[in-house]
Amino acid sequence: MSPVNRTRSPLGPVARRSAVVKGGTLASLALVVAGIASPAFATAQGVQAAATVRSASPTGGGDCTTKKSSNHDPRVAGTQAGPRGGGDECEGQRGPTGPTGPRGPQGEPGEDGADGATGATGATGATGATGATGAGACVDVDAVRDNNDREFKAALTPDGITYAGVREIQNTTVGPWIWYDLTTNEEGDYPAGACGVSIGHQANRLVIEVITTGGEIWETFCDVNPGTPDTLTCNGVWNDAVPQPNPGDPPAPLRTHEQPIRPTDPNHLPKALK
């Protein structure tokens, strides 16, 4: 049959086999012939297939890497990237890092830590040597009354001064003390460190003695002037006792006594003497 006189098909010319197979057009044409799909549906399928083939091509000119490297223009970055789903699936390049913000306010101070454990107490040190006795550390007093009309006394006060005193005693009347400082004589050699005192009286003469912290004994004398009231005359001259007591001094020798003669009982005399 001549091609000129061939009857035309109401569905249009039949597509070639190669064209039907390519791109999935054969499937679309089958749907149209069967009356299932409309020409619009076939057109949409053709567009989708074409897009799928274009995006799957690994070497085509439409990949994102090629566009970013060759056609990127910072002035149109917004139009190229756009939000997802806006027509171009490629995202724009990352912009520069913004400036660092100001430092935030300082936080609240933390709580104090727990106190550490207390260390062990060290050992007690050795006791030091006893220091010398300071001035005024010693006080003492002594008195003597040899009759019922007067009294004598020696006193060592906290300031280290030794005094001699006398007062009248008449029955129930007691007179005031009259004191004499025994350290006023600059040439009297008053001993330093006096710590104890004593007094004695005999025949209107007083002897006043002190002992020092070093164990030395010193003495001075006062004369009694009878009167109303009695008074004293003291020169304040001090002399150390001779000899001084020393450790190991022997005691005074004991007096030896013979056995007493006892009377003899006549009954016990020998027969020759009876």
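1. Basis. The model is predicted: local features need pLDDT of at least 70, side-chain atom pairs count only at pLDDT 80 or more, and totals for chains, interfaces and linings use all residues. Residues are numbered from 1 along each chain as its sequence is written, and side-chain values use heavy atoms, with hydrogens and water left out.

2. Disulfide count. A disulfide here is a pair of cysteine sulfur atoms within 2.5 Å. A search of the whole structure gives two disulfides.

3. Cys138 and Cys195. These two cysteines form a disulfide, with the sulfur atoms 1.7 Å apart. The pair links distant parts of the chain, 57 residues apart. Cys138 sits in the loop between helix H5 (77-81) and strand S1 (140-144), and Cys195 in strand S6 (residues 194-201). Helices (H or I, at least four residues) and strands (E, at least two) are DSSP runs, numbered from the N terminus. The angle about the S-S bond is -70 degrees, and the link of Cys138 and Cys195 is left-handed. Cys138 is buried at 12%, whereas Cys195 is partly exposed at 27%.

4. Cys222 and Cys234. A disulfide joins Cys222 to Cys234, S to S 1.9 Å. Cys222 is in strand S8 (residues 217-225) and Cys234 in strand S9 (residues 231-234), 12 residues apart. With 120 degrees about the S-S bond, the link of Cys222 and Cys234 is right-handed. Cys222 is buried, with a relative accessible area of 1%. Cys234 is partly exposed at 25%.

5. Salt bridges. The cut-off is a side-chain nitrogen of Lys or Arg within 4 Å of a carboxyl oxygen of Asp or Glu. Side chains of opposite charge can pair when their charged atoms come close. How many salt bridges does the structure hold? There are four. One of them joins Arg145 and Glu151, with the closest N and O atoms 3.3 Å apart. Glu151 is buried, at 9% relative accessible area.

6. Arg150 and Asp230. Their side chains meet in a salt bridge at 2.9 Å, N to O. The pair links distant parts of the chain: Arg150 is in strand S2 (residues 150-156), Asp230 in the loop between S8 and S9, and they are 80 residues apart.

7. Arg205 and Asp223. This salt bridge is 2.8 Å, N to O. Arg205 lies in strand S7 (residues 205-212) and Asp223 in strand S8, so the pair ties together parts that are 18 residues apart in sequence. Arg205 is partly exposed at 40%, and Asp223 is partly exposed at 33%. Separately, salt bridges that share partners join Arg145, Glu151 and Arg167 into one network.

8. Pairing of S8. Strands pair if DSSP finds at least two bridges between them. S7 and S8 run antiparallel and are joined by seven bridges. Arg205 stands opposite Asp223 in S8. The hairpin of S7 and S8 has four residues between the strands, and there Gly215 takes a positive phi near 90 degrees. S8 and S9 pair in the antiparallel sense over four bridges, and a hairpin joins S8 to S9 through five residues. Val224 stands opposite Leu232 in S9. S8 also pairs with strand S10 (residues 239-240), antiparallel, over two bridges. Trp218 stands opposite Asp240 in S10.

9. Faces of S8. In a regular strand the side chains alternate between the two faces of the sheet. The covered face of S8 holds Trp218, Thr220, Cys222 and Val224. The uncovered face holds Ile217, Glu219, Phe221, Asp223 and Asn225.

10. Thr220. Thr220 is in strand S8 and is buried at 0% relative accessibility. The Thr220 side chain reaches the backbone oxygen of Val237 at 2.8 Å. Contact means heavy atoms within 4.5 Å. Not counting residues up to four places away in sequence, Thr220 touches Leu182, Leu206, Val207, Ile208, Asn235, Gly236, Val237 and Trp238.

Methods: Buried < 20%, exposed > 50% of the residue type's maximum accessible area, 1.4 Å probe, protein only. Polar contact = N/O pair within 3.5 Å; in protein donor to acceptor, adjacent residues only side chain to side chain.
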